[in-house]
Amino acid sequence: MSANHIVVMPLDESLLKSVQGRKVVVKVTSEDELNRCQDVFRSVGVDLFAVWFVSDKPLSELNLSESLVNLPIALYVPKVGVFAEAMCRLPLLHKLNIKIFLSNREQENYVMLQALSSLNVYCGLYFDSPLMDAEEMTDLAHYYLYSTSPHAPIEPFYYLMEHYDPAGKTDFSGVYFDDIHRFVHMDKEGNLALSASDLEHGVYIGQGPGQINAIGENKAFSARANKWQALFLENSDCSTCEGWRVCLGKFSEQSGEKGCEQVFVEMLEGIEGTRRMRKGGKQIWQS
Ligand code: SF4
């Protein structure tokens with residue numbers, strides 16, 4: 001499994017050369033860096049999974065160009081900004097291979113995602129706050145799962161719908177390059193971590209590309225992979241949650257009073273119902 005790990009890393013020529021032969025996600029934080037990507041990739045020859053562009057500017061202030069058309073881009077922006085200006089970019093957004101993620105910190109983003117999706121822009125919510133707005137999240141899930149008007153995918157609902165395992169658990173962490181079974185994160189010094197957050201906080205599990213193959217044998221990897229079991233041993237709210245199979249305790253900080261269970265239970269029902277309809281399975285009362 002570890003031999004297949006995708007490396008999430010900065011745009012750095014020598015570092016990219018050191019992981020040649022592996023798939024990479026290149027993380028950039030400015031338009032300048034984004035615009036340099038293709039030149040660097042041409043000179044190094046990378047096996048690109050995606051470019052992860054994390055910007056602190058709103059969508060309406062970003063300068064994206066048609067020259068990026070061949071790059072698969074996951075764009076994280078805090079919000080849309082001035083809607084009319086952002087919408088001037090709509091023809092370009094339709095040409096680019098881009099998914100636009102908005103932060104869960106801004107309440108307006110839940111409605112903005114409905115707007116983007118209805119305008120045929122692949123989009124999603126990213127969680128830079130451990131607390132979500134349960135009501136807004138439920139409305140957004142309802143829109144994605146039940147709206148009969150044409151609309152583009154919204155993450156993480158789209159992932160859950162497409163990868164749902166009716167007999168087990170479904171983890172949508174991979175949408176955010178945060179699935180430890182698929183991604184490993186590396187900084188400019190070659191430090192390795194299990195998530196972008198660990199890397200940022202100096203929680204390393206190794207050093208250098210040579211150690212990537214051994215990640216599966218690392219104790220920290222096993223501890224993280226089995227972390228969900230602690231929720232049951234501790235008898236936490238998550239241990240009795242009916243939505244656990246698709247949440248896996250990601251919002252445990254707001255479990256209990258704050259409605260996260262209801263969000264995921266409704267999501268689960270919506271996913272199961274929609275998949276049943278897709279299959280065209282006959283219900284007993286229809287015969
Ligand atoms: S929805 Fe809330 S209670 Fe349920 S598993 Fe997720 S965090 Fe835990």
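Residues are numbered from 1 along each chain as its sequence is written. Because the model is predicted, local features need pLDDT of at least 70 and side-chain atom pairs count only at pLDDT 80 or more, while totals for chains, interfaces and linings use all residues.

Helices (DSSP runs of H or I, at least four residues) and strands (DSSP runs of E, at least two) are numbered from the N terminus.

Two strands pair if DSSP finds at least two bridges between them. Strand β1 runs parallel to β8 (residues 183-186), with 3 bridges joining them; here isoleucine 6 has phenylalanine 183 as its bridge partner. With β2 (residues 23-28), β1 forms 4 bridges, also in the parallel sense, and valine 7 stands opposite valine 24. From β1 the chain passes through helix α1 (residues 13-18) to β2 in a right-handed β-α-β crossover, that is, clockwise from the first strand over the helix to the second when the strands point away from the viewer.

The axes (lines fitted to C-alpha atoms, for helices over the stretch in contact, with angles from 0 to 180 degrees between N-to-C directions) of α5 (residues 108-118) and α6 (residues 134-146) come within 9 Å and cross at roughly 10°. Helix α5 is therefore roughly parallel to α6, a term for angles under 35 degrees.

Notes:
Angles under 35 degrees count as roughly parallel, over 145 as roughly antiparallel, 65 to 115 as roughly perpendicular and the rest as oblique.
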